[in-house]
Amino acid sequence: MIEVAVMGYGTVGAGVVQVLTMNSEAIARRVGEQVHVKYVLDLRDFPGTPVEKIVTHDVNDILSDPEVKIVVETMGGLKPAYDFTKKALLAGKNVCTSNKELVAEHGVELMEIARDMSVNYLFEASCGGGIPIIRVINTSLTAEEIEEVTGILNGTTNYILTSMADEGKGFETALKEAQQKGYAELHPEADVEGYDACRKIAILSSLAYGKHISYKNVDTEGITKVDKTDVEYADKLGVRIKLLATSRREKEGIWAIVAPMMIGDENPLTAVSGVMNAVMVKGNAVGTTMYYGSGAGSLPTASAVVGDVIDCCKHLHVNIKSDYSAASLELMPAGDVARPFFVRFAGTEEEAEALFGQLHDVVRLDDVENEFGFLTETMAEKDFKEKAASTDKVIKWFRRGKKEEE
């Protein structure tokens, strides 16, 4: 029997216990022996629940027990998750986590400790909830030179943007509805400002390109400035505004960004709606592949965590090699990336053309006066921003996905 401890009995932690229990026979068949939860660490007691008799409030019960081979960290945040995880690894225990914040901040260090201790630090559930995207990059696509990773990696923002596009709601109304349905937190800044997606694309890109990309170096914008008029323009152009997290290899280097972008029907991500997530990975041999599913939720996320638990059961004292180096990858400046831009403009077409060059797909809204929208030619972002900053007639702008990105 392989003993497991779960640290943090919240939404995901409870889901992990549930999956390990309800699928115990299938898991035992795949592992070759029973996998049993011996401890649940939490500040609370859970009287009348299945974990009532295995709750502990002292992490040392877990750290000092030689029978515990695998620790599941579902506490979230950095403190005390970092300290507990580090101690567990140094004690020779495998650790599986859904904690994207911890992986993004300290993942390199924790993976190095795991390597030195001949155990594993696995984090499949940190980037796509129930979507097994890390396992795909680490195993299925290991023959590839990965050229691009792009996706909708946050269900909260995707739900809000879907509501705005399909139901004509404003941002604040859509956000409140998301909160009422439990899709958004009371304090939703990490989601709506793009920080959550930023951490996820940094982790995925580090795995894809083999060197560490700090989330702090990824240009990040959220969706708080997207309004109903922007969505109406997008609808008239036949495109959607989506919060995309993207990294891409160019001749000049690798860049990464999280931002609301306009994408068309040529891009499969356009059809990803509601709280669903999806990731596309482009390899130089296989081309573009896509992975779709629930990006959050108790059981979908728990399923990914338990998948890591099973991997650890099969490699209790063998570090699973991945192409993830501690060496830092310097990203090319986002300003050097070229793409078209959508502009809302308060002047004349002649003024816009004099500033930005040839205009494409000029559109006007019946109920909006004294402005129009258009797409620019493909140009470097720094050049576009310089032009836009030289006039007070640019109301707002968005990046438009290039055909190559679509």
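This short talk covers salt bridges and pockets in one predicted model.

The model is predicted, so local features need pLDDT of at least 70 and side-chain atom pairs pLDDT 80 or more, while totals for chains, interfaces and linings use all residues. Residues are numbered from 1 along each chain as its sequence is written, and side-chain values use heavy atoms, without hydrogens or water.

Salt bridges, then. I count a side-chain nitrogen of Lys or Arg within 4 Å of a carboxyl oxygen of Asp or Glu. That rule gives 28 salt bridges.

Take D227 and R344. Their closest N and O atoms are 3.5 Å apart. D227 sits in the loop between β9 (219-220) and α12 (228-237), and R344 in strand β16 (residues 341-345), so this bridge ties together parts 117 residues apart in sequence. Helices here are DSSP runs of H or I, at least four residues; strands are runs of E, at least two; both are numbered from the N terminus. R344 is buried, at 6% relative accessible area. D227 is partly exposed, at 28%. The cut-offs: buried is under 20%, exposed over 50%, partly exposed in between, with a 1.4 Å probe and protein chains only.

Next, K382 and D336, at 3.0 Å, N to O. This pair also links distant parts of the chain: K382 is in helix α15 (residues 381-389), D336 in the loop between β14 (325-328) and β15 (338-339), 46 residues apart. K382 is partly exposed at 47%. D336 is partly exposed too, at 35%.

There is also a network. Salt bridges link E221, R339, E381, K385 and R399.

Now the pockets. On a 1 Å grid over the protein atoms alone, a pocket is an open set of points where a 1.4 Å probe fits, with protein on both sides within 12 Å along at least five of seven lines; lining residues have an atom within 4 Å of a point. Points join across faces, edges and corners, and volume is the space filled by probe spheres set on them.

The largest pocket holds about 1,100 Å³. Its lining has 40 residues, with K100, E185, D191, D196 and A296 nearest the centre. By class: 12 nonpolar, 21 polar, 7 charged. Nonpolar is Ala, Val, Leu, Ile, Met, Phe, Trp, Tyr, Cys and Pro; charged is Asp, Glu, Lys and Arg; the others, Gly among them, are polar.

The second largest pocket holds about 370 Å³. Of its 20 lining residues, L122, N138, I320, K321 and S322 lie nearest the centre. Helix α7 gives the largest share, 4 residues.
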